[in-house]
Amino acid sequence: MAFLSHVECSVCGHRHDPKQILTICEKCGQMLVARYHLDRVAAAVTKDDLRRRPPGMHRFRELTPLDDGEEPVTLGEGGTPLLSLARLGSHLGLGRLLAKDEGQNPTGTFKARGLGMAVTKARTLGAKGLMIPSAGNAGGAAAVYGARAGLPVAVVVPRDTPEAAVAEAMLAGARVFTIEGTIATAGKVVARVAPALGWFDLSTLKEPYRLEGKKTMGLELAEQLEWSAPDVLIYPTGGGTGLIGIWKAYRELSELGWVKDRPPRFVAVQAEGCAPVVKAWAEKSPVTAPWEKPTTNAPGLRVPSPFAGRQILQVLRETDGDALAVSEAEIVEAQKLLARTEGIWTAPEAAAALAALLRLKDEGELEPGGRIVLLLTGAGIKNPPPPLPPPRDLTGPEESLLKRVQAALAL
Ligand SMILES: *Cc1c(COP(=O)(O)O)cnc(C)c1O
Ligand SMILES: [Zn+2]
């Protein structure tokens with residue numbers, strides 16, 4: 001039995017047939033969202049059933065768009081740990097600080113969840129090729145899942161995209177194109193070329209199923225918290241798929257009656273050099289305006305005009321949330337702090353979330369006893385490391401070896 005009921009427009013509500021390959025609303029051009037027969041879900045699966053299933057995002061099958069018998073294209077994404085950051089928390093005077101470490105996904109970022117799901121549906125619905133604009137990680141994930149599905153993939157990225165993500169896509173057999181500009185420029189290229197090629201455009205939130213993959217972060221988080229919600233969820237926001245997805249998870253779980261808490265307060269974090277959501281939030285505008293000349297070393301946050309800006313802002317309003325921008329220096333410091341105190345080399349985007357936490361703490365915005373979750377969206381290793389001093393070299397006379405080590409260790 002399939003649990004997906006229909007796909008509807010997030011703005012005008014117009015219904016679309018999920019048997020067709022879908023992009024954006026055919027009436028108004030806005031973002032589409034999947035809706036489920038939640039009564040059927042409740043009748044088909046219990047929390048206890050879930051406990052017995054293997055970890056990973058497909059354990060929540062009934063709350064995903066997979067059809068009866070539809071095999072997912074998967075590399076084992078999801079099932080990431082919710083880590084207690086006890087040392088960092090006590091350093092900051094926060095008793096219940098947690099991190100969901102999405103860097104442990106295939107491809108090293110949470111993009112694996114969204115693209116795994118989107119590529120699965122695109123293959124089932126008959127796509128013959130896939131094309132995606134990306135800041136790096138989404139392109140890498142699209143290429144990897146495309147390879148796994150046996151579909152050709154083309155990726156368009158800005159010229160300054162980190163090498164690891166480009167290599168990941170190329171190794172997986174994708175054709176990678178660079179372009180002067182940002183992901184927005186890349187998006188225009190894909191919008192123009194993909195339809196003419198008859199290939200499917202996997203742009204952020206311009207098809208409904210990447211969101212459903214990202215939603216599984218929220219389902220997992222709720223289950224890891226014994227079917228409850230944290231007080232605050234801090235999320236580094238580019239296109240906003242993860243933020244909207246986690247919020248959607250909590251909405252569906254609440255309608256199912258599985259979670260009684262209200263959803264967490266969402267804090268959207270951006271970089272000072274590209275902060276369209278923060279600006280719109282401060283100006284109380286219902287929509288984002290394009291950000292001129294975006295600059296940040298956190299590629300996933302270099303999204304000057306998120307297609308779903310309106311929906312991101314709506315989540316912030318509905319959850320009494322907040323939006324703030326942090327500097328590049330704060331991002332680097334936070335990245336080092338997390339690695340030093342907890343051993344996690346996280347992506348710069350995720351480090352921005354920690355930088356925001358530090359800021360909120362300083363400003364007295366966080367309750368010391370509140371349950372706070374940092375969404376660590378990716379692994380540090382996919383990006384160039386921050387500037388570090390060179391390691392001490394030990395080549396030299398053997399007699400003084402121990403002395404030199406002791407001096408270096410300040411013993
Ligand atoms: C894509 C990306 C983001 C931004 O995610 P959205 O869901 O598009 O807001 C954050 N961090 C990393 C590591 C990313 O790759
Ligand atoms: Zn519409």
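Which residues touch the most other members of the largest nonpolar core? They are Leu-243 and Leu-253, in a core of 60 residues. A nonpolar core is here a set of buried Ala, Val, Leu, Ile, Met, Phe, Trp, Tyr and Cys residues joined through side-chain atoms within 4.5 Å; buried means under 20% relative accessible area, exposed over 50%, and partly exposed in between, with a 1.4 Å probe and protein chains only.

The model is predicted, so that local features need pLDDT of at least 70 and side-chain atom pairs count only at pLDDT 80 or more, while totals for chains, interfaces and linings use all residues. Residues are numbered from 1 along each chain as its sequence is written, chains are lettered from A and ligands numbered from 1 in the order in which they are written, and side-chain values use heavy atoms, with hydrogens and water left out.

Helices (H or I, at least four residues) and strands (E, at least two) are DSSP runs, numbered from the N terminus. Beyond its neighbours within four places in sequence, Leu-243 is in contact (heavy atoms within 4.5 Å) with Tyr-235, Thr-237, Phe-266, Ala-268, Ile-312, Val-315 and Leu-316. In soluble globular proteins, nonpolar side chains tend to be buried together.

On a 1 Å grid over the protein atoms alone, a cavity is a set of points where a 1.4 Å probe fits but cannot get out, whereas a pocket is an open set with protein on both sides within 12 Å along at least five of seven lines; lining residues have an atom within 4 Å of a point. Grid points are joined across faces, edges and corners, and a volume is the space filled by probe spheres set on the points.

The largest pocket has a volume of about 770 Å³. Among the 50 residues that line this pocket, Ile-183, Thr-204, Gly-239, Val-303 and Pro-306 are the closest to its centre. Helix α7 (183-197) contributes the largest share of the lining, five residues. The lining comprises 21 nonpolar, 21 polar and eight charged residues, where Ala, Val, Leu, Ile, Met, Phe, Trp, Tyr, Cys and Pro count as nonpolar, Asp, Glu, Lys and Arg as charged, and the others, Gly among them, as polar.

The second largest pocket has a volume of about 310 Å³. Of its 19 lining residues, those closest to the centre are Val-33, Arg-35, Trp-247, Lys-248 and Arg-251. Here α9 gives the most to the lining, with six residues, and β1 (4-9), β3 (32-36) and α11 are also among the elements that each supply at least two. By class, this lining has nine nonpolar, four polar and six charged residues.

Four cavities of 30 Å³ or more are counted. The largest has a volume of about 60 Å³ and is lined by Val-232, Arg-265, Val-267, Asp-322, Leu-360, Glu-365 and Leu-366. Its lining divides into four nonpolar, no polar and three charged residues.

Leu-205, in the loop between β9 (200-201) and α8 (209-224), has a positive phi of about 65° although it is not a glycine. Leu-205 is buried, with a relative accessible area of 2%. Lys-293 lies in the loop between α10 (276-282) and α11 (309-318), and its phi is near 50°, a positive value in a residue other than glycine. Lys-293 is exposed, with a relative accessible area of 73%.
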